[in-house]
Amino acid sequence: MNIRGLFRAEQTRRKALVQGYVVPDTSRCVQCGICSYNCPINIDVRRHAWLGEPVRDSHCLTCGECVARCPRGVLRFESTNLFQTQN
Amino acid sequence: MRRYVIIGSGAAGIAASEAIRNHDASGEILLITDDPHGYYSRPGLAYYLTGEIDERMLFPFSEQDFRRLNLRRITAQVARIHPEAHRIEMHTGAQLPYDRLLIATGAAAVRADVPGSDLAGVVKLDSLEDTRHILNLIRRARSAVVVGGGITALELVEGMRARNLRTHYFLRGDRYWSNVLDAAESKIVEHRLQEEGVQIHYNTELAEILGKNGRVAGVRTKDGRLIECQIVAIAIGVQPRKQLAQTSDLKVDKGILVDQYMRTSHEDIFAAGDVAQVYDPLSGKSVVDSLWGPARDQGSAAGLNMAGITTPYSRLAPFNVTRLAHLTTTIIGTVNKGRDDDLLGIARGDSETWRNLPDAIAAQANFDVNSLRLLLGKQHLLGAVVMGDQTLSRPLTRIVIERVDITPIREQILQPGAPLGDLVADFWSQLHKS
Ligand SMILES: Cc1cc2nc3c(=O)[nH]c(=O)nc-3n(C[C@H](O)[C@H](O)[C@H](O)COP(=O)(O)OP(=O)(O)OC[C@H]3O[C@@H](n4cnc5c(N)ncnc54)[C@H](O)[C@@H]3O)c2cc1C
């Protein structure tokens with residue numbers, strides 16, 4: 001895999017999403033609240049990030065708003081592990 | 001029953017409370033803060049300023065979260081510590097006893113030392129109250145001057161622009177954040193600010209803030225220029241709030257000195273977060289950070305030790321992910337050296353380690369707005385700066401923090417024009433296959 005492949009994978013990530021859940025990287029999070037603020041169904045994503053717990057809420061739409069808006073790259077989707085799913 | 005007193009309800013104080021409660025269900029925990037708004041996300045203030053979140057989002061804990069911790073919260077200013085008597089004294093003169101004390105008082109913005117600094121309209125971005133104040137001023141203002149460096153200065157610049165003020169940004173030298181970023185990275189940031197309509201004034205120093213009826217009306221620069229403005233925002237660095245430790249004869253240097261258990265020079269008093277100066281095993285020096293992540297980790301470690309669970313705090317290579325002119329940027333490990341004339345000491349979201357660069361070789365690739373810089377030691381990656389696309393920032397953080405041996409790709413990285421991104425991506429994929 002080359003860097004362009006990696007970037008493409010990132011760009012198409014939101015479209016390619018089918019299932020999977022949002023996973024936080026606590027060490028990057030500063031609890032600013034942008035994720036929770038932008039969740040269309042009011043899941044407290046920030047709390048998950050503080051506790052280091054994936055968002056396993058069955059109501060999560062996996063719309064990707066929180067992932068895309070986080071200014072610090074705290075959140076990602078577990079089902080698209082870039083370094084294992086690419087060729 | 002043990003009585004724990006925590007001074008400061010920021011990331012460090014909250015993390016300490018959680019750690020204590022996890023191991024001591026019955027001890028009494030007293031959380032004292034002089035901030036009327038209690039615990040909120042300080043980095044979030046920048047997004048409140050731009051309007052990306054509203055004020056209620058700044059509070060990470062619900063009342064229920066606090067109840068679960070079963071602690072008493074007090075709003076008061078602590079004036080003194082009496083270590084021998086195991087008591088603290090409030091501003092009012094009232095005293096409270098403790099068995100274990102944590103000082104997690106954070107850091108405060110350094111004031112500018114120029115005439116006119118007391119005028120209404122001279123602001124800093126430290127607390128929620130500051131942010132409210134700035135938002136109020138913005139309603140009546142047309143233009144603002146921002147002075148300083150690092151992340152907070154930029155957040156002020158972006159906040160003013162987002163609120164449609166004509167925004168002037170003064171830099172003492174010829175580029176932005178010169179002791180953390182390299183010249184190309186500074187240029188990327190400056191260029192983007194200019195595209196957003198920010199007027200950058202290079203080699204410009206503030207001589208005087210001019211007032212009219214007690215309010216800011218403009219500034220005069222050292223080279224004699226006059227610029228009209230209603231707000232002057234200062235972000236020239238922060239100072240650990242270590243006075244409580246100083247007046248009670250605890251050992252202090254730049255911050256409050258602690259051992260690896262976050263213990264100060266007094267056995268039952270601990271310190272953590274922006275106010276603490278901790279030993280860094282990598283450099284053998286004792287350093288201060290102004291970073292949320294380390295504040296939380298140090299608070300946790302302090303809390304555990306206070307509860308009697310002996311736990312060393314091991315300082316990892318510091319990193320910060322932040323937005324510089326709307327460009328997500330990760331700074332990992334050691335990336336530069338020297339001093340930045342726009343800052344005195346340390347800035348918010350800053351680590352001294354980023355500037356302790358020994359003789360490393362830098363490899364750099366710029367593609368469009370994405371920029372990647374790697375700092376190579378003999379066998380390890382000492383640091384990295386990733387601007388724009390963040391795909392590589394996670395692997396690079398791990399490679400630096402875990403001190404992964406990069407010998408297999410070192411020579412290739414050093415080839416002129418090497419595809420740095422590809423090399424790191426491939427190296428990382430290989431590592432994770434094996
Ligand atoms: C605008 C801004 C942007 C930032 N950006 C970033 C970033 O991008 N990345 C990052 O990692 N970090 C960033 N930071 C820094 C981060 O917020 C701090 O590192 C972190 O808050 C430190 O936590 P702390 O608990 O040590 O101190 P603080 O959060 O400062 O808390 C200190 C507490 O002590 C209390 N206190 C102090 N003295 C007394 C006293 N005498 N009596 C009673 N109470 C007292 C205060 O009221 C407060 O509650 C930013 C900060 C600001 C302000």
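Trainee: Hi! How many residues of chain B are in contact with chain A?

Mentor: Hello! On the chain B side there are 43 residues, and they are in contact with 30 residues of chain A. Keep in mind that this is a predicted model.

Trainee: Got it. What area is buried between the two chains?

Mentor: About 3100 Å² is buried between chain B and chain A, with carbon and sulfur atoms giving 55% of that.

Trainee: And which three residues of chain B supply more of its buried area than any other three?

Mentor: Those are B:M57, B:T391 and B:R394, which supply 20% of the area that chain B buries against chain A.

Trainee: How many salt bridges does the rule find across this interface?

Mentor: Two salt bridges turn up between chain B and chain A. One pairs the side chains of B:D65 and A:R47, at 3.6 Å from N to O. Over all chains, the count comes to 27 salt bridges. B:D65 sits in helix α3 of chain B and A:R47 in helix α4 (residues 45-51) of chain A, so this pair joins two chains.

Trainee: Nice. What about polar contacts across the interface?

Mentor: The rule finds 12 residue pairs in polar contact there, both residues being at pLDDT 80 or more.

Trainee: Which element gives the most to the side of chain B that touches chain A?

Mentor: Several elements give two or more residues to that side, including α1 (11-23), α8 (292-306) and α9 (393-401) of chain B. The most comes from α11(B), with six residues. As for the residues on that side of chain B, 18 are nonpolar, 12 polar and 13 charged.

Trainee: Switching topic: how do the axes of α10 and α11 of chain B cross?

Mentor: The axes of α10(B), residues 407-414, and α11(B) come within 10 Å and cross at roughly 170 degrees. An angle over 145 degrees counts as roughly antiparallel, so that is how these two helices, α10(B) and α11(B), run relative to each other.

Trainee: Which residues make that contact?

Mentor: From α10(B) come B:P408, B:I409, B:Q412 and B:I413, while α11(B) brings B:L420, B:L423 and B:F427. That contact has six nonpolar residues, one polar and no charged.

Technical notes: Residues are numbered from 1 along each chain as its sequence is written. Chains are lettered from A and ligands numbered from 1 in the order in which they are written. This is a predicted model: local features need pLDDT of at least 70, side-chain atom pairs count only at pLDDT 80 or more; totals for chains, interfaces and linings use all residues. Side-chain values use heavy atoms; hydrogens and water are left out. Contact means heavy atoms within 4.5 Å. Buried area is the accessible area (1.4 Å probe) that two parts lose on being put together, summed over both. A salt bridge is a side-chain nitrogen of Lys or Arg within 4 Å of a carboxyl oxygen of Asp or Glu. A polar contact is a pair of N or O atoms within 3.5 Å; within protein, one must be able to donate a hydrogen and the other to accept it, and residues adjacent in sequence count only if both atoms are side-chain atoms. Helices (H or I, at least four residues) and strands (E, at least two) are DSSP runs, numbered from the N terminus. Ala, Val, Leu, Ile, Met, Phe, Trp, Tyr, Cys and Pro count as nonpolar, Asp, Glu, Lys and Arg as charged, and the others, Gly among them, as polar. Axes are lines fitted to C-alpha atoms, for helices over the stretch in contact, and angles run from 0 to 180 degrees between N-to-C directions. Angles under 35 degrees count as roughly parallel, over 145 as roughly antiparallel, 65 to 115 as roughly perpendicular and the rest as oblique.
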